[in-house]
Amino acid sequence: MGLLDGRVAIVTGAGRGLGRAHALALAAAGAAVVVNDVVNDAVTRTENGTGGTSAAAQVVAEIVAAGGKAVADTSSVTDWRACAAIVDHAVAELGRLDILVNNAGVTRDRMLASATEEDLDLTLGVHVKGTYAMAHHACAYWRSLVKAGGDVTGRVINTTSGAGMAGNLGQTAYAAAKAAIIGFTLSLALEAGRYHVTANAVSPLARTRMTEQLMGTAPADGGFDDLAPENASGLVVYLASPAAGWLTGQVLRVEGNEVIRMDGWSAGPRYRSRDGAALEPAELVEAVPKLFGAAPGGLAGLGG
Ligand SMILES: NC(=O)c1ccc[n+]([C@@H]2O[C@H](COP(=O)([O-])OP(=O)(O)OC[C@H]3O[C@@H](n4cnc5c(N)ncnc54)[C@H](O)[C@@H]3O)[C@@H](O)[C@H]2O)c1
């Protein structure tokens, strides 16, 4: 018996990296999986651009070889109608949909002053529009099932990042996209509970194509690899399972073999206006630095 026996999942961007690890883990836990990814490794290697096997099909072959069930899908999540077709694909080929893992991602790291409109559109398109559109079509499906008296235990698991919570140099577009995914997840959790769907976000940390230049190679001694993509997949399987039905609207981070509950924005110290009327700029010269424990004039080094 697996935690996900009888369930059907979609994992976007599952041809490589974290998505591939999630797809393999969901399948090992008993789910049938739609493995979505646009990339075609073989095609990118051939000059005429034909033939070859998509990365998604390669992951499907791995799942099937391990005794699981999966189908490949090579649509782009930036295409609203293609996202509807991915949901339809799950229902038509695998009979239903229970779990959506929005994982597809790209980075176009550049300092803001050097960034292009294309960098921005691509980054927001894959992360924000892709996550939103996939969840929209999945939730429309779940809502119609509930209205028809069907039994739904839907799960949306989105992928955010440390950059979206704390910012990162050279990642203004990516950080904006990943922060947007958190706001989206919190709002979706409020809406989707009414049709028995939870929505949470995971913040992974892994050595993949996206990060390999920063993270080096796996330890040669065969010991625990803190940065293996598989490390994040146990949490994804848990969040996808019936056991996590109580948990929604949360962000959980995985670092190696640790899971961390991320606590969001919370109110810190406050200052009320001197005379009970609207705040005056002059009094804020003294009051705002105090909110940060600094002397009037502000924090050293940030410029006057
Ligand atoms: N690797 C990390 O440390 C890390 C940290 C924080 C967040 N993330 C997030 O985890 C997710 C997976 O990243 P990864 O590190 O495995 O990178 P990766 O590049 O190995 O995998 C991302 C996959 O998404 C696919 N993809 C890109 N655009 C797509 C589209 N339009 N439609 C469908 N698939 C598309 C790519 O082809 C690729 O296979 C991303 O959302 C990323 O932002 C990764």
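Which handedness does the crossing of α1 and α3 have? I looked it up: the crossing is right-handed. A crossing counts as right-handed if the near helix is turned clockwise from the far one by less than a right angle, and as left-handed if anticlockwise.

**Ground rules.** I am working on a predicted model, where local features need pLDDT of at least 70, side-chain atom pairs count only at pLDDT 80 or more, and totals for chains, interfaces and linings use all residues. I number residues from 1 along each chain as its sequence is written, and side-chain values use heavy atoms, with hydrogens and water left out.

**α1 against α3.** I took helix α1 as residues 17-28 and helix α3 as residues 55-65. Helices are DSSP runs (H or I, at least four residues), numbered from the N terminus. Their axes are 10 Å apart, at an angle of about 25°. Axes are lines fitted to C-alpha atoms over the stretch in contact, and angles run from 0 to 180 degrees between N-to-C directions. α1 and α3 are therefore roughly parallel (angles under 35 degrees; over 145 is roughly antiparallel, 65 to 115 roughly perpendicular, the rest oblique). I listed the contact (heavy atoms within 4.5 Å): Arg-20, Ala-23, Leu-24 and Ala-27 of α1 meet Val-59, Glu-62 and Ile-63 of α3. That gives five nonpolar, no polar and two charged residues. Ala, Val, Leu, Ile, Met, Phe, Trp, Tyr, Cys and Pro count as nonpolar, Asp, Glu, Lys and Arg as charged, and the others, Gly among them, as polar.

**α1 against α9.** Next I checked helix α9, residues 233-240. Its axis and that of α1 come within 9 Å and cross at roughly 50°. That makes α1 oblique to α9. This crossing is right-handed. From α1, I found Leu-18, Ala-21, His-22, Ala-25 and Leu-26 in the contact; from α9, Ser-233, Val-236, Val-237 and Ala-240. I noted seven nonpolar, two polar and no charged residues.

**α5 against α7.** How far apart are the axes of α5 and α7? I read 8 Å, with an angle of about 15°. Helix α5 covers residues 117-147 and helix α7 residues 172-192. They are therefore roughly parallel, and their crossing is right-handed. Tyr-174 and Lys-178 are among the α7 residues in this contact. It divides into 13 nonpolar, three polar and one charged.

**Ligand.** I then turned to the ligand, which 31 residues surround (a heavy atom within 4 Å). The closest are Leu-18, Asp-37, Asn-103, Tyr-174 and Thr-208. I looked for polar contacts (N or O pairs within 3.5 Å). A polar side-chain atom of Tyr-174 lies 2.5 Å from a ligand oxygen atom. For Asp-37 I read 2.6 Å to a ligand oxygen, and for Lys-178 3.0 Å.

Conventions: Helices (H or I, at least four residues) and strands (E, at least two) are DSSP runs, numbered from the N terminus. A polar contact is a pair of N or O atoms within 3.5 Å; within protein, one must be able to donate a hydrogen and the other to accept it, and residues adjacent in sequence count only if both atoms are side-chain atoms.
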